[in-house]
Amino acid sequence: MSMPDTTVAIIGAGIGGVYLAAELGRRGYRLRLNDIDDGRLLPIRERGGFDVEGADPGFAAIERVTTDPAAAIEGADIIVVCTGGTNQEAVGRGLASLLRDGQTILLLQGNTGGSLVVRRALDAAGCRARVDIAEMDNYPYSCWRLAPTRIRPIVHKRFLQIASFPGNRIDAVFARLAPLFPYAVAAPTIASTGFTNANEMLHVANCVANAGKIDRAETYKFYAEGVTPSVGRLYAAINDERVAVAAALGADVPNLEDWFERTYGVRGASLSETCQLLTTNSDGPYQATGTPSAWTHKYIAEDVPVGLIPMSALGAAVRVPTPAIDAVILLAQTLAGRDFASEARTPDRMGLGGMDTDEIRRVIASGFG
């Protein structure tokens, strides 16, 4: 098998980074893996990568496993940031002086406005390298992590979007990234990726609706049991608002039912039934989904400040009301006992403060300035 002539640095050794490393390493990409926590990296460094099980088994070798970001990205063609949305600005600041012309940064995933805040962070930190920024709308894989270095894939998502910021760089960016993600399609702008991100649609409302279980640290099947018919109705309400805001920004994004069908080939008679099938099917991507045991879990601590809050803020900027999303935000903050204002992505932090709909569309398509 010929080895892909691409070096990929993965920033973040959480679930998203590990699954990506397992997939790309098995396919022969030259990989580096970076994290600030060496405890996460130690078993991977000792093994030299991951043992990948399943229908297409193999060993995913990683040539460099390090806490040093400079060592990780030196000579890398593509830098994939898998740190979670709340850390993306800090990663941008940390990489600013290390980047070199021609590199591509991919946010996996961008949440809402990730490319905007990273571009501003690079500029504020004085980055002079000519780099491209891109984002994906969702994580591309679902897997079991059987041990620190043993991975068993469950499913590859069939519908993924990659967008660049600015949007007019998409042809060059997608040509570089498409070989890594053969199921992906090019999106016209980050309005498409940001408003197709399913996590904030699926996670926060589920947690709010199952607050008692979270307080008691009860283990429950997050989707099969957590998405009752009434929670399905809440999903539908917030998703209608998401689609409407995206449309005002010029993005045609799928509703949740269509997204499930495009991505997993599953569509039940209701959202509740669909979520059950996605958990109980033999290849169900949600069979491995864990359940939050505290309100500090990323399903709240990430998906509220960098997912729902900027969606609501952009809705206000383009004069599309989002009462159901706003209610979920308020309930999530109240139940968590935490105000996310200090870390939330506001229009100002995204570089869109005071802009009208046409100006926001222009920035997303053509960049700042």
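**Figure 1. Aromatic pairs in the predicted model.** A search of the whole structure finds nine aromatic pairs. Two rings of Phe, Tyr or Trp (for Trp, the six-membered ring) form a pair if their centres lie within 6.5 Å; planes under 30 degrees apart are stacked, those over 60 are edge-to-face, and the rest are tilted. The view shows F222 and Y299, a tilted pair with 5.0 Å centre to centre and 55° between the planes. This pair links distant parts of the chain, 77 residues apart: F222 lies in the loop between helix 9 (211-215) and helix 10 (229-248), and Y299 lies in helix 13 (residues 298-301). Helices (H or I, at least four residues) and strands (E, at least two) are DSSP runs, numbered from the N terminus. F222 is buried, with a relative accessible area of 2%, and Y299 also counts as buried, at 8% relative accessibility. Here buried means under 20% relative accessible area, exposed means over 50%, and partly exposed lies in between (1.4 Å probe, protein chains only).

The structure is a predicted model, in which local features need pLDDT of at least 70 and side-chain atom pairs count only at pLDDT 80 or more, whereas totals for chains, interfaces and linings use all residues. Residues are numbered from 1 along each chain as its sequence is written, and side-chain values use heavy atoms, with hydrogens and water left out.

Figure 2. Y223 and Y286 form a stacked aromatic pair, with 4.1 Å centre to centre and 25° between the planes. Y223 lies in the loop between helix 9 and helix 10, and Y286 in the loop between helix 12 (271-280) and helix 13, so the pair ties together parts that are 63 residues apart in sequence. Both Y223 and Y286 are buried. One aromatic cluster is formed by Y220, F222, Y223, W259, F260, Y264, Y286 and Y299.

**Figure 3. Charged side chains over aromatic rings.** A charge sits over a ring if NZ of Lys or CZ of Arg is within 6 Å of the ring centre and within 35 degrees of the ring normal. The charged end of K213 sits over the ring of Y220, 5.5 Å from the ring centre. Y220 is also one of the members of the aromatic cluster. In another such contact, the charged end of R262 sits over the ring of F159, at 5.1 Å from its centre.

**Figure 4. Two cis peptide bonds.** Most peptide bonds are trans. The bond from L108 to Q109 is cis, with omega near 10°. Q109 is placed in the loop between strand 7 (104-108) and helix 5 (114-124). F165 and P166 are likewise joined by a cis peptide bond, with omega about 0°. The loop that holds P166 runs between strand 11 (160-165) and helix 6 (170-177).

Figure 5. Most residues other than glycine have a negative phi. N111, which is not a glycine, has a positive phi of about 55°. N111 is found in the loop between strand 7 and helix 5, and this residue is buried, with a relative accessible area of 2%. R319, also a residue other than glycine, has a positive phi near 65°. The place of R319 is the loop between helix 14 (304-317) and helix 15 (323-336); R319 is exposed, with a relative accessible area of 78%.

Figure 6. A search of the whole structure finds 18 salt bridges, each defined as a side-chain nitrogen of Lys or Arg within 4 Å of a carboxyl oxygen of Asp or Glu. R64 and E74 form one of them, with the closest N and O atoms 3.9 Å apart. R64 counts as partly exposed, at 29% relative accessibility, whereas E74 counts as exposed, at 53%. In the bridge between D123 and R119, the closest N and O atoms are 3.0 Å apart. Both residues lie in helix 5, four residues apart, about one turn of the helix. D123 is partly exposed, with a relative accessible area of 40%, and R119 is buried, with 15%.
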